[in-house]
Amino acid sequence: MPAYSFKISKGAPYWEFAENFSGRRLNIGCGSDTTGDVRLDFSTNAPGATVIANIEDGLPFRDESFDLVIAYGIIEHLGNIYKFMNEVRRVLKPSGHLSLVTDNAAFFPIYIPGQRHNGGYKGTSPEDHHVEVFHYSHIVSLLNQFNFSNIEIELCYYKEKSVKTGPATSMIQSFGYHIIRPIMGDTFAQYFMPIIWARGEKSVSDQERKLTVGSLK
């Protein structure tokens, strides 16, 4: 496992990170969110979008166009995550940053029958469904495979501007953070945190990248 930092946080600080980031920001799969200088979504019903395009077909931007790529709630919907990561690297400037948020596969309630991950979350269109969920170790390995450095992993609450949770989820999160974590540590508290926030820095030249992951296109 490559080197990375890890912590568990109350709330969801990734919104503040993106909003306060200095540089040109691309928000992929923005939905109604208006964070970012360029906001891409596949749906014409996404009110925050400035560009409409099929994310699975690639990103319609020039190489090294952005300082930050925001990808919140995207990778669990994609059929080819490797192509997506190649495209993210392509449009990032040297030393550009990726801020990625996805569901935590260790969060035990998602496996309860009837929950949206167990048997088929359905969104606003037939194309909008969850393909898979990830443990944070998968995300660390993925970022390392695509030559991101300074990898940081943070497990977070569902407590931010676009996600509304019921009382049961709120109680589970609070119990994990305030009771389980102080007694049993982060290893056990991860099962009560629904969100993985990962960020990393593009760390090698494009030529080096092609030698490493070019076969995955």
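This note goes through the predicted model point by point, from the overall fold to a helix pair and then to single residues.

1. Basis of the values. Residues are numbered from 1 along each chain as its sequence is written, and side-chain values use heavy atoms, with hydrogens and water left out. As the model is predicted, local features need pLDDT of at least 70 and side-chain atom pairs count only at pLDDT 80 or more, whereas totals for chains, interfaces and linings use all residues.

2. Overall fold. The protein chain has 6 helices and 8 strands, where helices (H or I, at least four residues) and strands (E, at least two) are DSSP runs numbered from the N terminus. Along the sequence these elements follow the pattern β-α-β-β-β-β-α-β-α-β-α-α-β-α. Of the 217 residues in the protein chain, 48% are buried; buried means under 20% relative accessible area, exposed over 50%, and partly exposed in between, with a 1.4 Å probe and protein chains only. Among contacts (heavy atoms within 4.5 Å) between residues at least 6 apart in sequence, 71% join residues at least 24 apart.

3. Geometry of the α2 and α3 pair. Helix α2 (residues 81-91) packs with helix α3 (residues 136-145) at an angle of about 50°, their axes being 11 Å apart. The axes are lines fitted to C-alpha atoms, for helices over the stretch in contact, and the angles run from 0 to 180 degrees between N-to-C directions. The two helices, α2 and α3, are therefore oblique to each other, given that angles under 35 degrees count as roughly parallel, over 145 as roughly antiparallel, 65 to 115 as roughly perpendicular and the rest as oblique. The crossing of α2 past α3 is right-handed, a term that applies if the near helix is turned clockwise from the far one by less than a right angle, left-handed being the anticlockwise case.

4. Residues at the α2 and α3 contact. On the α2 side I81, Y82 and M85 take part, and they meet L142, L143 and Q145 of α3. By class, this contact has 5 nonpolar, 1 polar and no charged residues, with Ala, Val, Leu, Ile, Met, Phe, Trp, Tyr, Cys and Pro counted as nonpolar, Asp, Glu, Lys and Arg as charged, and the others, Gly among them, as polar.

5. Because 9 of its 11 residues are buried, α2 is largely enclosed by the rest of the structure. The buried set comprises I81, F84, M85, N86, E87, V88, R89, R90 and V91, and it therefore includes N86, which counts as buried at 4% relative accessibility.

6. Surroundings of α3. The buried residues of α3 are Y136, S137, I139, V140, L142 and L143, and they pack against β1 (5-8), α2, β6 (92-103), β7 (148-156) and β8 (195-202). Just after α3 comes N147, with a positive phi of about 60°. N147 lies in the loop between α3 and β7 and is buried, its relative accessible area being 18%.

7. E64, a residue other than glycine, has a positive phi near 55°. E64 belongs to the loop between β4 (51-52) and β5 (66-72), and with a relative accessible area of 39% E64 is partly exposed.

8. Q173 in α4. Q173 is placed in helix α4 (residues 167-184) and counts as buried at 2% relative accessibility. Leaving aside neighbours within four places in sequence, Q173 is in contact with Y157, Y158, F192, M193 and P194.

9. Loops around β3. G31 sits in the loop between β2 (25-28) and β3 and is partly exposed, with a relative accessible area of 22%. Not counting residues up to four places away in sequence, G31 touches D41, A46, P47, G48 and A49, while its C-alpha atom is separated from that of F42, 11 residues apart along the chain, by 8.9 Å. T50, in the loop between β3 (38-41) and β4, is partly exposed at a relative accessible area of 46%. Leaving aside neighbours within four places in sequence, T50 is in contact with V38 and R39; T50 and C30, 20 residues apart in sequence, are 9.4 Å apart in space, C-alpha to C-alpha.
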